[in-house]
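Dear colleague,

I am passing on the structure we spoke of, and I would be glad if you could look through it alongside the notes below.

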Amino acid sequence: MTPVCATCGAWFPDADDPPAACPICEDDREVERIGAALEPWPFERIYGAWWDRVVPAAAKDAVRRSVGRYSAALRGDLPL
Ligand SMILES: [Zn+2]
């Protein structure tokens with residue numbers, strides 16, 4: 001079995017049991033790194049992988065807010 005993180009899509013080495021937690025999703029530095037990697041790209045919309053999961057406008061600001069909340073929660077500055 002090849003475990004895949006349902007949140008970030010990271011693949012992990014084959015194992016009988018999936019990892020207890022995703023090291024990318026649980027590290028505020030990784031969340032900040034991903035947010036920084038998106039900064040140079042201009043975009044207004046985000047189309048999700050599932051039906052009706054679309055941010056139709058101002059998506060870049062939504063990503064910035066989400067990165068801030070998520071990394072703050074991982075640092076313990078916000079409740080999850
Ligand atoms: Zn993950």
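This is a predicted model: local features need pLDDT of at least 70, side-chain atom pairs count only at pLDDT 80 or more; totals for chains, interfaces and linings use all residues.

Residues are numbered from 1 along each chain as its sequence is written.

The protein has two helices and two strands, where helices (H or I, at least four residues) and strands (E, at least two) are DSSP runs numbered from the N terminus.

Of the 80 residues, 2% are buried; a residue is buried if 20 or more other C-beta atoms lie within 10 Å of its own, exposed if 12 or fewer, and partly exposed in between, with C-beta atoms placed from the backbone. Among contacts with a separation of 6 or more, 25% join residues 24 or more positions apart, a contact being two residues whose C-beta atoms, placed from the backbone, lie within 7 Å.

Two residues other than glycine have a positive phi. D52, in the loop between β1 (46-47) and β2 (54-55), has phi near 60 degrees, and D52 is exposed because 5 other C-beta atoms lie within 10 Å. A58, in the loop between β2 and α2 (59-75), has phi near 55 degrees, and A58 counts as exposed because it has 12 C-beta neighbours inside 10 Å.
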